[in-house]
Amino acid sequence: MRVAMLLPLLLLSGCSCLKIGFLGDTSDKSSAGLAYRLMRDDGVDLVMQNGDFDYTNNPKKWGRFLDSNWFGHGKEHVVMTSGNHDIKKWYGSRGYQNVLYSRMSKDLRDACTGRDQSLASDYGLWMSCKYQGVHMVMIGWRQLSPSWPRRRENSTTMQPAVDFIDNSFAGSTEPWRVCMWHRPEGTYQAGHRYPRAYGLSQAFDACRRNGAFIVSGHSHLYSRTKLLSSFSSRTVSPRSSPNDVKLSCGESMFVVSGLGGWNRGLDKDGPAAGRSWIETRYTQSVGTETIGVLVCDLAESGEGGECRYIMGVNATEQDSFNISSTCGRTAEPTVAPDTPVPDTPAPDTVAPDTPHPDTSAPATPHPDTSAPDTSAPDTSAPATPSPTPPPPPACPSRVPLWGNCLHTPSCCATPARCYSQSQWYAQCLDLKRFPGTNYWNGPRIG
C-alpha cells in the first residue's frame with residue numbers, strides 16, 4: 001500500500017487521530033516562524049519540541065514567539081524538554097520552565113505527571129503524559145546527560161533515566177509510545193558534529209523494550225534509523241521496511257528532527273551516514289533546505305498512522321512512511337530488560353561414582369611443641385602522614401568549550417572564566433544550589 005493512501009482510508013473508517021509535530025533547535029527568528037507555520041498549515045494538534053529554543057537565553061522573548069506563532073492562532077497544545085542552550089535560564093519565575101508551564105493547557109496538565117515533584121517543578125525535565133492514545137515520556141538535557149560536558153555516560157549515570165522510562169510505561173495501555181529528549185546518541189544519527197557514542201544506549205533500549213520510538217534534536221539535520229531490535233548493538237529487525245514501520249515491544253526506531261529554524265547550516269554526513277542501520281537522512285549531501293518538521297498523524301486506536309518530514313516554504317515532502325504500534329494495544333508484554341542469558345549446561349548422563357567406606361586409621365593428633373614467640377616488640381616510628389595536597393592551579397583565563405570548570409574549583413567564583421553559554425550555570429551554580437554536588441567523584445543525578 002502506498003504511504004499516501006493510508007491516512008484517507010483511516011479517516012473514511014471514522015479514525016480519531018492526533019497529529020503531532022516534532023522539531024528541535026529553533027530560534028526566535030522568522031526561520032523558526034516558518035517551521036511553526038508548516039505545522040499550523042498541516043493541521044498539527046500537538047507540538048513536541050525537544051529543546052534549544054531561541055539560543056539567546058531570553059525566556060520572555062521565547063514566550064512571545066510562541067504566543068505569536070502558535071497560541072495566537074487558536075492552538076493550545078505544546079510540550080517541550082530542555083536542551084543544552086536552555087539550561088542557563090531554565091529555573092525561576094522568569095525561566096523557560098515557568099514560561100512554558102504557564103502556557104500549558106489544562107487538559108495537558110491533567111494528562112501529565114512529573115517524577116518526584118510537582119509537574120510545575122518537573123516540567124521539561126521528567127515528564128510522562130498520556131494524551132489521546134499517545135504516551136509521551138520526556139527527559140531534560142541534564143537529566144539524560146548528567147556528566148555533560150564530559151560527554152560520556154555510563155550504566156550508573158543512565159540508571160535514573162532508565163528507571164523513569166520503565167516506571168512510566170509500566171502498565172500503560174496507550175497504543176502509541178514516544179520518548180523525547182534533546183541529545184542524540186552519536187552513532188545512531190547521520191551527522192558529522194556529534195559522531196561519538198555518548199553512552200546513552202541504555203535509555204534508548206529502555207524505550208525500545210517498551211515499544212516507544214525516540215525523537216531528539218541537537219544535530220542540525222533529519223535522520224531516521226531502520227526498525228531496530230537492539231540499539232546498543234545496532235541490530236536491524238528482519239521486519240524493518242523503508243516505508244512501513246511496525247513498532248512493537250522490543251522493536252523501535254530513532255529520529256533526529258533538528259531543523260526547527262536555527263539555520264546556521266546543515267550538518268554534513270558523518271561516520272554513520274552510510275551504515276546499515278540508517279534508513280534515510282537529510283544533510284548537506286542531500287540538499288540545502290534548513291527548515292523542516294516531522295508530522296505524524298496517529299490513529300488513537302494504534303491501528304495505523306502516517307509520518308511525513310516536510311521542508312521549506314512549499315512544505316516539500318522529504319520522507320514519508322506508514323507507522324503502526326502493537327505495544328499496549330494487544331496482550332503483547334513489555335520486553336524484560338536486556339540481560340545476558342547464561343549458558344545452560346547439558347545434563348550430566350555419566351553414572352555417579354559409588355562411594356566407598358573409608359577404612360583408613362584415624363589420624364593421631366600431635367601436641368604443639370613449638371617455642372613461644374620471643375620476638376622484640378615493634379619500636380619503629382609511626383607512619384608519617386601524607387603531605388597536604390597542593391592547592392588547585394590558578395583559574396585559567398577561560399576554560400575551553402568542552403573543558404570542565406570544576407577541574408579548578410576556584411573558577412566557580414568567577415563565572416566569566418567558565419564557558420559563558422552554560423557551563424558556569426550547569427556546574428558551578430549547582431554547587432551553590434545543591435551543596436552535596438560532587439563533580440570530582442561523580443555527577444549529581446537528578
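Student: How many disulfides does a search of the whole structure find?

Tutor: Four. This is a predicted model, where local features need pLDDT of at least 70 and side-chain atom pairs count only at pLDDT 80 or more, while totals for chains, interfaces and linings use all residues. Residues are numbered from 1 along each chain as its sequence is written, and side-chain values use heavy atoms, with hydrogens and water left out.

Student: What makes Cys-112 and Cys-129 a disulfide?

Tutor: The cut-off is a pair of cysteine sulfur atoms within 2.5 Å. The sulfur atoms of Cys-112 and Cys-129 are 2.0 Å apart, so the pair qualifies. With 115° about the S-S bond, this link is right-handed.

Student: Which parts of the chain does the pair tie together?

Tutor: Cys-112 sits in strand E4 (residues 112–113) and Cys-129 in strand E5 (residues 126–131), so parts 17 residues apart in sequence are tied together. Helices (H or I, at least four residues) and strands (E, at least two) are DSSP runs, numbered from the N terminus.

Student: Why do Cys-249 and Cys-327 count as a disulfide?

Tutor: Their sulfur atoms are 1.6 Å apart, and the definition asks for within 2.5 Å. The torsion is 85° about the S-S bond, and the link is right-handed. Cys-249 lies in the loop between strand E12 (244–247) and strand E13 (254–257), and Cys-327 in the loop between strand E17 (316–325) and helix H10 (423–433), so the pair joins parts 78 residues apart in sequence.

Student: Why is the disulfide of Cys-296 and Cys-307 given its handedness?

Tutor: The torsion about its S-S bond is about 115°, so this disulfide is right-handed. Cys-296 is in strand E15 (residues 292–299) and Cys-307 in strand E16 (residues 305–311), eleven residues apart. Their sulfur atoms are 2.1 Å apart.

Student: Is Cys-296 buried or exposed, and what about Cys-307?

Tutor: Buried means under 20% relative accessible area, exposed over 50%, partly exposed in between (1.4 Å probe, protein chains only). Cys-296 has 0%, so Cys-296 is buried. Cys-307 is also at 0% and therefore counts as buried.

Student: How many aromatic pairs does the structure hold, and what type is Phe-22 with Phe-213?

Tutor: There are 18 aromatic pairs. The ring centres of Phe-22 and Phe-213 are 6.0 Å apart and the planes at 70°, so this pair is edge-to-face. Phe-22 in strand E1 (residues 17–23) and Phe-213 in strand E8 (residues 213–216) are 191 residues apart. The rule: rings of Phe, Tyr and Trp (its six-membered ring) pair if their centres lie within 6.5 Å; planes under 30 degrees apart count as stacked, over 60 as edge-to-face and the rest as tilted.

Student: Why are Phe-22 and Phe-213 placed in their accessibility class?

Tutor: Phe-22 has a relative accessible area of 0%, so Phe-22 is buried. Phe-213 is likewise at 0% and counts as buried.

Student: What makes the pair of Trp-62 and Phe-65 stacked?

Tutor: The planes are 10° apart, with 4.9 Å centre to centre. Both residues lie in helix H3, three residues apart, about one turn of the helix. Trp-62 and Phe-65 are both buried. They belong to one aromatic cluster, whose members include Tyr-36, Trp-70 and Trp-90.
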